[in-house]
Amino acid sequence: DSLVFLNWFLISALKESGYGIENYCCSVCGKKLKNRAFIDFDSSDFFCEEHASLSSTEIRFSTYELISALAALSPDEVKRAFLADYLNNEEGALSAYRWASENESAKKSALKMLDYYIEVKTGCALKTIQQLLDVV
């Protein structure tokens, strides 16, 4: 699925360039996020509902789930995930990919969030992502 791969690519490229999100748990208490997710785009920190600050923005929980799941996949896992037979028989890390490939709204929402994140971090707007979202 090209949207899943694009999301994974952007997450990986951000990490490689020093702009990646390093922690997908609450930055204050360290707990895994449940039901609601907040991000501070400037600090790249996620927060649970209890510790969200005025500077954090709530994002769709499905967006958070997709981004955190894809961030956990290695390049080799992503390559294997694109093989349909492998997807049909594999459990574990690739179950995250399977879920992501079936959730259209999460894929688009994640691209929008990553597009905004890139703009905040780099000062550059990627017009091609917005154009892609207008088409799909």
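**Helix packing and cysteines in a predicted model**

Of the 136 residues in the protein chain, 40% are buried (under 20% relative accessible area, with exposed over 50% and partly exposed in between; 1.4 Å probe, protein chains only). The model is predicted: local features need pLDDT of at least 70 and side-chain atom pairs count only at pLDDT 80 or more, while totals for chains, interfaces and linings use all residues. Residues are numbered from 1 along each chain as its sequence is written, and side-chain values use heavy atoms, with hydrogens and water left out.

The protein chain contains seven helices and three strands, taken as DSSP runs numbered from the N terminus (helices H or I, at least four residues; strands E, at least two). Read from the N terminus, the order of elements is α-β-β-β-α-α-α-α-α-α. Among contacts in the protein chain with a separation of 6 or more, 54% join residues 24 or more positions apart; contact denotes heavy atoms within 4.5 Å.

Helix H2 (residues 61-71) is largely enclosed by the rest of the structure, because nine of its 11 residues are buried. The buried positions in H2 are Phe-61, Ser-62, Thr-63, Tyr-64, Leu-66, Ile-67, Ser-68, Ala-69 and Leu-70.

H2 packs against H6 at an angle of about 80°, with 8 Å between the axes. Axes are lines fitted to C-alpha atoms, for helices over the stretch in contact, and angles run from 0 to 180 degrees between N-to-C directions. H2 and H6 are therefore roughly perpendicular (65 to 115 degrees; under 35 counts as roughly parallel, over 145 as roughly antiparallel and the rest as oblique). On the H2 side the contact involves Ser-62, Thr-63, Leu-66 and Ile-67, which meet Ala-106, Lys-107, Ser-109, Ala-110, Met-113 and Leu-114 of H6. By class, this contact of H2 with H6 comprises six nonpolar, three polar and one charged residue. Ala, Val, Leu, Ile, Met, Phe, Trp, Tyr, Cys and Pro count as nonpolar, Asp, Glu, Lys and Arg as charged, and the others, Gly among them, as polar.

H1 and H2 pack at about 70°, their axes 9 Å apart, which means that H1 is roughly perpendicular to H2. The crossing of H1 with H2 is right-handed, the near helix being turned clockwise from the far one by less than a right angle (anticlockwise for left-handed). H1 contributes Val-4, Asn-7, Trp-8 and Ile-11 to this contact, and H2 contributes Leu-66, Ile-67, Leu-70 and Ala-71. Seven of these residues are nonpolar, one is polar and none is charged.

Helix H1 (residues 2-16) also packs against helix H6 (residues 104-122), at an angle of about 30° and with the axes 9 Å apart. H1 and H6 are therefore roughly parallel, and their crossing is left-handed. Leu-3, Val-4, Leu-6, Asn-7, Leu-10, Ile-11 and Leu-14 of H1 meet Glu-104, Lys-107, Lys-108, Ala-110, Leu-111, Leu-114, Tyr-117 and Ile-118 of H6. The contact of H1 with H6 has 11 nonpolar, one polar and three charged residues.

With a disulfide taken as a pair of cysteine sulfur atoms within 2.5 Å, the count is zero. Cys-26 is in no disulfide, and the nearest cysteine sulfur, that of Cys-48, lies 3.6 Å away. Cys-26 is buried, at a relative accessible area of 1%, whereas Cys-124 is partly exposed, at 45% relative accessibility.
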